[in-house]
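Please keep the sequence and the model in view while I talk.

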Amino acid sequence: MRDPDGLLRRAGVRGNPDRDQHFLIDDRVLDRLPDYLENTDRSHLLEIGAGTGALTDRLLAEADRVTVVERDPELAAFLREEFADEIGADRLTVIEGDALDVELPEFSASVSNLPYGVSSEIAFRLLPEGKPLVLMFQKEFAERMAADAGTDDYGRLSVTAQHYADVEVVEPVPKEAFSPPPEVQSAVVRTTPRAPDYEVDDEAFFLDFVKAIFTQRRKTLRNAIRNTAHISGLDDASAVVDAVDEELLRRRPGTLEPSEFAELAVLAGEHGFEGGETG
């Protein structure tokens, strides 16, 4: 495996916190990351934010093909030089650009040390693809993704992520594993795609409805529905409240399971719009 510190020296770069650059340099963490793809198709792995290629090198040892996305032009040029043989053998593709804008290839799984400033946006670009993911996040963000209903960390992020996959925090990562060390602790999240155990008529509305309700997480559900109609787009919040069981209305958003949010979203679609449906 290529030495992470050696890659930094050859690239002639230092991480820049102002540009959200914190290079993962701990060999033990780097070596473990691909191992979290248990029983997963590794034919084509995707890496977002390849940096100097320390993780890329490990992925190439595990996969038939790897595609990396790197937005920094200098780093993208370095990757093309450093991994010229792998590119020439058609085992590695380097896409230069922003992962939120570029066209992503078909891939079997993704292992990535995400830029933390856009980690949420990237995660929710990847999750709907229905592929296994092993992603590095800020520890607080990771714990919120995996949180269970009724816990302090549970919220919109938990419901939305778990709509697409089973989510688990598999490893905490200390600041010292990065160069330069970030101000926050990190953690590795593994997501295993699966269909939710509930049905929604309009997925976009369901996710918007969850987002709206959690802006009022300290209110009862009755007040949260009424207070957020302008966010969720409901025409008649009172009609939705009238259709919901009284016991449920007395609860707070953080106690509801994703399946209960789905039931609410279906009721909202039936009763909260002119014509009785979303859209």
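In this predicted model, seven strands make up an open sheet of mixed pairing, and if you read across it the order is β4-β3-β2-β5-β6-β9-β7. The edges are taken by β4, residues 92-96, and β7, residues 165-173, and because each of these has a single partner strand, one side of each is left without a neighbour in the sheet. From one strand to the next, the twist averages 25°.

Let me go through some of the pairings. Strand β5, residues 109-113, and strand β6, residues 133-138, run parallel to one another and are joined over four bridges, and if you look for Ser112 you will find that its bridge partner in β6 is Leu135.

Now, on to β9, residues 186-193. How is β9 joined to β6 and to β7? Six bridges link β6 to β9 in the antiparallel sense, while β7 and β9, which also run antiparallel, are linked by eight.

Next, a pair of helices. Two packed helices are described by the angle between their axes and the distance between the axes. For α7, residues 139-146, and α8, residues 156-164, the axes come within 6 Å and cross at roughly 65°, and the crossing is right-handed. The residues that meet there are Phe141, Arg144, Met145 and Ala146 from α7, and Leu157, Ser158, Ala161 and Gln162 from α8.

Let me turn to helix α1, residues 4-11. Which of its residues are buried? They are Pro4, Gly6, Leu7, Leu8 and Ala11, and the elements that cover them include β1 (23-24), α2 (27-32), α3 (54-60), α4 (73-82) and β8 (178-179). Directly after α1 comes Gly12, which has a positive phi, near 65°.

Finally, the chain as a whole. It has 14 helices and nine strands, and its C-alpha trace spans about 65 × 35 × 35 Å along the principal axes. Of its 279 residues, 51% count as buried, and among contacts between residues at least 6 apart in sequence, 64% join residues at least 24 apart. As for annotation, an unreviewed UniProt entry lists residues 29-195 as "domain: Ribosomal RNA adenine methylase transferase N-terminal"; over that range the chain is 31% helix and 28% strand, and the C-alpha atoms at its ends lie 30 Å apart.

Definitions and conventions. Residues are numbered from 1 along each chain as its sequence is written. This is a predicted model: local features need pLDDT of at least 70, side-chain atom pairs count only at pLDDT 80 or more; totals for chains, interfaces and linings use all residues. Side-chain values use heavy atoms; hydrogens and water are left out. Buried means under 20% relative accessible area, exposed over 50%, partly exposed in between (1.4 Å probe, protein chains only). Helices (H or I, at least four residues) and strands (E, at least two) are DSSP runs, numbered from the N terminus. Contact means heavy atoms within 4.5 Å. Two strands pair if DSSP finds at least two bridges between them. Axes are lines fitted to C-alpha atoms, for helices over the stretch in contact, and angles run from 0 to 180 degrees between N-to-C directions. UniProt positions are given in the numbering used here, feature names are shortened, and annotations may be inferred rather than shown by experiment. A crossing is left-handed if the near helix is turned anticlockwise from the far one by less than a right angle, and right-handed if clockwise.
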